[in-house]
Amino acid sequence: MEAINYSKYLPLSEATFYVLLVLTEPLHGYAVMQKVEDISEGNVVIGPGTLYGAFSTLEKQGLIKKVGEEERRKYYQLSDKGRLVLAEHIRRLEIMYRNAQVALPQLTRGEAK
């Protein structure tokens, strides 16, 4: 596999991050919508129009692939390239989280007064 130009894909939007994250296993669209809402604790709700637009874009970018079809349901899963892009995004989030942990006490100082 050739080197990936991560700047072409990153940073991911919150919705795209969650779509890729739940596609570590094969899922159809409705299951993706439900799982994203569940694991984001209701903070990210994706409608069908948004999801199928995202599926089309992510498939064209080679980040997801269709892995099956059952009646009217199409199943998608991360591609190898999608796994690498998601892993790089998570690595960057970990750096942001570590820096946020340093900054947070300074930002909340004075709240306890």
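Axes are lines fitted to C-alpha atoms, for helices over the stretch in contact, and angles run from 0 to 180 degrees between N-to-C directions. The model is predicted, with local features needing pLDDT of at least 70 and side-chain atom pairs pLDDT 80 or more, while totals for chains, interfaces and linings use all residues. Residues are numbered from 1 along each chain as its sequence is written, and side-chain values use heavy atoms, leaving out hydrogens and water.

**Exercise 1.** Describe how helix 2 and helix 3 pack.

Solution.
1. Helices are DSSP runs of H or I with at least four residues, and strands are E runs of at least two, numbered from the N terminus.
2. The angle between helix 2 and helix 3 is about 110°, and their axes lie 10 Å apart.
3. Helix 2 is therefore roughly perpendicular to helix 3, a term for angles of 65 to 115 degrees.

**Exercise 2.** Find which residues of helix 2 and helix 3 meet, and class them.

Solution.
1. Contact means heavy atoms within 4.5 Å.
2. From helix 2 come Gly 29, Tyr 30, Val 32 and Met 33; from helix 3 come Pro 48, Leu 51, Tyr 52 and Phe 55.
3. By class, this contact has 7 nonpolar residues, 1 polar and no charged.
4. Nonpolar covers Ala, Val, Leu, Ile, Met, Phe, Trp, Tyr, Cys and Pro; charged covers Asp, Glu, Lys and Arg; the others, Gly among them, are polar.

**Exercise 3.** State which elements supply the lining of the largest pocket.

Solution.
1. A pocket is an open set of points on a 1 Å grid over the protein atoms alone, where a 1.4 Å probe fits, with protein on both sides within 12 Å along at least five of seven lines; lining residues have an atom within 4 Å of a point.
2. Helix 2 (29–39), helix 3 (48–60) and strand 3 (73–78) each give at least two lining residues.
3. Strand 3 gives the most, with 3 residues.

Terms used: Parallel < 35°, antiparallel > 145°, perpendicular 65-115°, else oblique.
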